[in-house]
Amino acid sequence: MVARVNDLSTEAKRDRLEDLAPEELAEIEAEDEEDEHDLPDLPNVDDYDEVRMRAAPNPNGPWHIGHARMPAVIGTYKERYDGSFVVRFDDTDPETKRPDLDAYDAILDDIDYLGFEPDDVIVASDRLETYYEHARDLIDAGGAYTCSCSGETFSELKNSGEACPHREKDPETIREEFEAMVDGEYDSGEMVLRVRTDIEHKNPALRDWVAFRMIDTPHPREEAAEYRCWPMLDFQSGVDDHLTGVTHIIRGIDLQDSAKRQRFVYDYFDWEYPEVIHWGHVQVDAYDVKLSTSTLKEKIEAGDLDGWDDPRAPTLKSLRRRGIRGEAVVEALIGLGTSTSNVDLSMSSIYAANRELVDDDAERYFLVRDGERFDVEGGPDAGHPPIHPDHEDRGERTIPAAGGVVLEPGDVPAAGERVWLKGYACVRRERDGASAIGADSETLVATDDDIDVVRDGDVDVVHWAPAEDNIDVQMRTPDGDVTGVAEPDFAETTVDDVVQFERVGFARVDEHGSEESVVYWTHP
RNA sequence: GCUCCGUUGGUGUAGUCCGGCCAAUCAUCUUGCCCUCUCACGGCAAGGACCAGGGUUCGAAUCCCUGACGGAGCACCA
């Protein structure tokens, strides 16, 4: 019987089911029609009035490509669920993760580039009093104690599951010592406030973790410079997530234990812990430079990179300068999903998304790199290729040929061979000896071939530029700078235009200087 | 050492919760063809994956076990 059912085709089974249980069939087919999202649905959305998320960057520099994943994803979820998100700068370590004062605005600028706008922006170092208040409440609830063990001593005790003597201090002392911490009466390392969790918890990472510690170095922000007692991420972040109404937390797998740690605090306060999603790390191919803000900062300071927007840097500022739209970056990052495994992002997926966005508007020009000069005889004075092959109404360009042309070395035909100068005509390279003056006087002679020679595959079409009255161009790319000359009409482009240098690739016009023009290579 | 987590084509992803419609989706990628006065755009086609081994079952990418590989945490960093 079962075998007979198995032998039925899908169609047949469907028909049979329709007879037997039409309502169940409807249900099954409804499931199939669920619209497809690139991102998985967030968990338990219906349990909340509004989906609220947060991005919690450490303001230590402008963002690299990997950082864009957070705003890309939560911004997309915000749109899907009509939710909101807050940007919270977690700048609670003035020493080892010392904030960079320029980074706050730089990061907001990067989010703007990606096309998203945070509903709120808050800064943790503005909120110390709030954290202190909650610490006091936690102490009163018996959930924290001051501890003067050295890190090493406590670590040993903790690893063997033993409490330190400070754990059973009387509440009065704990309160006094914590106030002394707040008042800055201890030096770095002398005293911490620990959350009382479970000293025998099977996961050593969760045992009585530090909530506050002393830091001697003043915070770079003036508003926070007087504070010496600073909360650790797990405490600060946990409190803020609750206070700002965050319903869905998305963060890296490196913080997998954070939720478990923070739950102890939430339990003391009788708060509901938000939904949590952990995702893996992102690596990006095509760059020599590591995806690390501190590494980038070092390279810039050492002069290996010209700045955060150097085309060789895997930063958002760099992509922006290259003419890649934030939208394309978002699209590629969304495609990575939110899985817990580490992922590699191919730049080609960003390029593919961007090409689709810019191709229609990108005017076509010729750029010849490392050009070889030729005289042209027998043809018209100029060539007239279209500005855009799909839009004749945009007109055509004018490229003078009478004064000679330059070709890329790879496009130079062998003596006696033909090549089609795009928008101009078919030319044949003279054989050696036709002129006695030498290499500089090599000549291309226009033939009367019509375009059929190209259609038949006998002659290659190449791009070219005039040998005189051309425009010097420096093109900056992730692999270094290249130079070349562009046709005269290229001067009519304006800064920020993304153009396509035919057979070379897309580029963003960065500057038209008196000596030369500078463009940034976008992608093939 | 202790504790978590993961493993689908070159890359990413869907499917895994609730086993059958999955000889496995979509995108990117690579190759070929068509279009084309670009190696762009567009069109067509092809290529390429369920980590391994056991088990449960009529049936396993999906459930269970073991192993391998990879990642993360055990910080007075974020």
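**Trp279**

I looked up Trp279 and found this residue in strand β9 (residues 275–279); strands here are DSSP E runs of at least two residues, helices are H or I runs of at least four, and both are numbered from the N terminus. The model is predicted, so I took local features only at pLDDT of at least 70 and side-chain atom pairs only at pLDDT 80 or more, while totals for chains, interfaces and linings use all residues. Residues are numbered from 1 along each chain as its sequence is written, chains are lettered from A and ligands numbered from 1 in the order in which they are written, and side-chain values use heavy atoms, with hydrogens and water left out.

Is Trp279 buried or exposed? Trp279 is buried, at a relative accessible area of 7% (buried is under 20%, exposed over 50%, partly exposed in between, with a 1.4 Å probe and protein chains only). Beyond its neighbours within four places in sequence, Trp279 is in contact with residues including Arg69, Met70, Val73, Ile250 and Thr340 (contact: heavy atoms within 4.5 Å).

**Helix α4**

Arg69, Met70 and Val73 are also among the buried residues of α4. I noted that this helix (residues 69–81) has 13 residues and reaches 18 Å from its first C-alpha to its last, close to the 18 Å expected (1.5 Å times one less than the number of residues). Asp82 follows α4 and has a positive phi, near 55 degrees.

**RNA strand B**

I next listed the 57 residues around RNA strand B; Asp90, Lys97, Arg213, Arg355 and Arg503 come nearest (near: a heavy atom within 4 Å). Sugar and phosphate make up 70% of the RNA strand B atoms that come within 4 Å of the protein. By class, this surface has 18 nonpolar, 22 polar and 17 charged residues; Ala, Val, Leu, Ile, Met, Phe, Trp, Tyr, Cys and Pro count as nonpolar, Asp, Glu, Lys and Arg as charged, and the others, Gly among them, as polar.

Which helix or strand gives the most to this surface? α14 does, with four residues.

I then checked distances. For Ser155, a side-chain N or O atom is 3.3 Å from a phosphate oxygen of RNA strand B.

**Open sheet**

Last, I traced an open sheet of seven strands with mixed pairing, in the order β12-β25-β26-β27-β23-β24-β13 (two strands pair if DSSP finds at least two bridges between them). β12 (364–365) and β13 (367–369) are its edge strands. β23 (residues 471–477) and β27 (residues 517–523) run parallel and are joined by four bridges; Gln474 has Val518 in β27 as its bridge partner.

Notes: Polar contact = N/O pair within 3.5 Å; in protein donor to acceptor, adjacent residues only side chain to side chain.
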